[in-house]
Amino acid sequence: MTKTFFIETWGCQMNDLDTQRLSGGLKLRGWRRVDDERRANLILLNTCSIREKAENKVYSRLGELRELKADRELQIGVCGCVAQQEGERILARAPWVDFVMGPGNVGHIDEILAGGKTIAVDFPEDRRYDYLALDRPSATKAQVTIIEGCNKNCTFCIVPTTRGREVSRPFGDVLSEVGAAVDSGRVEIELLGQTVNAYRCPVSNRDFGALLAAVAELDGVRRLRFMTSHPAEVNDSMIAAMRDHANVSRYLHLPVQSGSSRVLRRMKRLYTREKYLETMQRIREAIPEIHFSTDIIVGFPGETEDDFQQTLTLIEEVRYGSLFAFKYSPRPGTPALKIGAPVDDAIANERLTRVFELHERIKRERLESYRGRILPVLVEGPSKHDPAMLSGRTDDNWVVNFVADPCTPLGSMLGVRIHDALHHTLRGEAVA
Ligand code: 5AD
């Protein structure tokens, strides 16, 4: 009888991709994926620990799954960043778990299932990566890891612990994977890394800009995106590759975290407010239509009202199209635990609200500016809300729902006239 598995995924694109790798690897070995955990012989929880009490969420989910074991052959595995962070503590607290597997071991799921290891939280030298066995959920888009791990030591962040030191994949491997993805119809490529622009080819030492240009020049790559860049790693080669290749998305997510140089120093972000703004200015000069996006943390220990004001003025100055803001959340073992006084929770909440209110206004202005314009849109599939419409993205990464010939092939590029700007999407109609 075919064995079945169920995977639940939390967190970032890296985790999504790890799920695609786990699922692809299992399918290749004859397993079948199911959507109902009660019908699975293997349940994998691919967990995230970036913020909040992620550990608690995992333990409460494990509590629910425990009873499923009573009446069936079932293995339960905890994967992802909580697995890495908690290690054997998970088996102590939830002994019905069969194995704990960190992000470094995704390529080693075979051995783990064969019963070799119950705690796999190392970062093996040979990080197996079988890109022909990826279970990609989209017919038009492929995510491709170019660098794993993070060598920065931001004082608030758990990632260096959970994903290890940076390891870049060789240029040739990345190009082969992209080529294979394009051959399978994935015309949109997203290069992934926790600090994607810190990429350095381990063979030739070529940098991120060189890789971006090389991928952009491959036949069939209609659109190229990447996530997530670190401001201190932006260089001329990266900017030139973006400027000189029309298929590179006019979208850049560049987390600033805070607008106060004092806070940035305490976060160990490796740039000041002035340096960050100067970087943004350079990029904007090269690519005037760029859509900037960012992450903000409010309530970092010791953040004063004055520090916070500087975050607000920076947001005003850059005019981000998209912004993700979070309340600081203490993570186990991070240096920020010992830095300065915690900010009162009510104050942190209020700051979060003020960031969102300011950004809403800026975003609205940007979205309104598209009204009446014709934008190139890459068709991804039917619209989620109205299946009579199609959905896709502009080259500066806004979702557009539009009226068009329903037989339009997925992955094609259409001109769409924008009629409406909704809360965070655009609406329009394809033009001939
Ligand atoms: N508390 C709050 N936000 C955090 N982030 C990372 N670590 C923390 C933390 N301890 C946010 C940062 C990062 C995004 C992915 O999550 O803004 O860019």
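This is a predicted model: local features need pLDDT of at least 70, side-chain atom pairs count only at pLDDT 80 or more; totals for chains, interfaces and linings use all residues.

Modeller: Residues are numbered from 1 along each chain as its sequence is written, and side-chain values use heavy atoms, with hydrogens and water left out.

Biologist: Which residues of α7 are buried, and what arc do they cover?

Modeller: Helices are DSSP runs of H or I with at least four residues, strands runs of E with at least two, numbered from the N terminus. Buried means under 20% relative accessible area, exposed over 50%, partly exposed in between (1.4 Å probe, protein chains only). In α7 the buried residues are F171, V174, E177, V178, A181 and V182. They lie on the same side of α7, because the arc around the axis, taken from the directions from the helix axis to the C-beta atoms, is only 135°.

Biologist: How is the pair of F208 and F226 arranged, and which elements does the pair tie together?

Modeller: Rings of Phe, Tyr and Trp (its six-membered ring) pair if their centres lie within 6.5 Å; planes under 30 degrees apart count as stacked, over 60 as edge-to-face and the rest as tilted. F208 and F226 are edge-to-face, with 5.1 Å centre to centre and 70° between the planes. The pair therefore ties together parts 18 residues apart in sequence: helix α8 and strand β11.

Biologist: Is F208 buried or exposed?

Modeller: Its relative accessibility is 2%, so F208 counts as buried.
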